[in-house]
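Hi everyone, thanks for coming.

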Amino acid sequence: MNYAATLTIMVVLAFCFPISVRLAAQLGMPEGFVTTLLVALVIFSLAAYLVRWQVGRHSVLLERLAQARAQIAADPENPRAYFVRGEHLGKLLLRLDRRREAAEVIDRYSRLGGARESEIVALREALGSAERRRRRAEHREA
């Protein structure tokens with residue numbers, strides 16, 4: 001099912017809700033049962049849409065990651081190869097919760113001659129904040 005079909009189903013459910021409740025009442029079904037059933041269908045539709053949205057975002061992120069890695073493999077000495085659509089490979093890896101790989105990429109990037117110091121500092125700060133969030137999460141679990 002594609003996005004248009006999902007949206008169509010949600011719109012149809014929204015318009016058919018009052019009609020379905022009246023029709024069910026005429027057929028002798030309790031209104032609470034029909035309302036509960038229709039609300040469950042709406043919640044299911046919303047959940048399906050959110051899952052599809054998250055999967056789409058994740059696949060775009062993986063595509064950018066692959067593109068950045070291909071750029072770096074093609075020209076490892078070019079600091080601009082570490083960027084895809086203005087986002088650094090290290091930040092992409094941090095968004096995927098791959099801190100070790102991000103640290104390695106940031107170290108390699110910092111050793112390049114044309115890398116900007118401000119970008120390196122920002123990347124290291126992002127890595128540090130990711131580590132702090134991980135430690136806080138571990139302390140909450142313990």
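Let's begin with Y82, F83 and Y109, which form one aromatic cluster. The rule here is that rings of Phe, Tyr and Trp (its six-membered ring) pair if their centres lie within 6.5 Å, with planes under 30 degrees apart counted as stacked, over 60 as edge-to-face and the rest as tilted.

Before I go further, a word on sources: this is a predicted model, so local features need pLDDT of at least 70 and side-chain atom pairs count only at pLDDT 80 or more, while totals for chains, interfaces and linings use all residues. Residues are numbered from 1 along each chain as its sequence is written, and side-chain values use heavy atoms, leaving out hydrogens and water.

Back to the rings. The count comes to 2 aromatic pairs by that rule. One of them joins F83 and Y109 edge-to-face, at 5.9 Å centre to centre and 75 degrees between the planes. F83 lies in strand β1 and Y109 in helix α4, so this pair ties together parts that are 26 residues apart in sequence. Helices (H or I, at least four residues) and strands (E, at least two) are DSSP runs, numbered from the N terminus.

Buried means under 20% relative accessible area, exposed over 50%, and partly exposed in between, using a 1.4 Å probe and protein chains only.

Now for the core. The largest nonpolar core has 24 residues, and Y82, L89, L93, L94 and Y109 touch the most other members. Elements giving two or more residues to this core are α2, β1 (83–84), α3 (89–95), α4 (99–111) and α5 (117–141). Which of them gives the most? That is α5, with 5 residues. A nonpolar core here is a set of buried Ala, Val, Leu, Ile, Met, Phe, Trp, Tyr and Cys residues joined through side-chain atoms within 4.5 Å.

Let's zoom in on L94. Leaving aside neighbours within four places in sequence, L94 is in contact (heavy atoms within 4.5 Å) with R99, A102, A126, L127 and A130.

Finally, helix α2. S45 lies in this helix and is buried at 9% relative accessibility. Not counting residues up to four places away in sequence, S45 touches I9, M10 and L13. L41 also lies in helix α2, but L41 is partly exposed, with a relative accessible area of 37%.

Thanks, and I'm happy to take questions!
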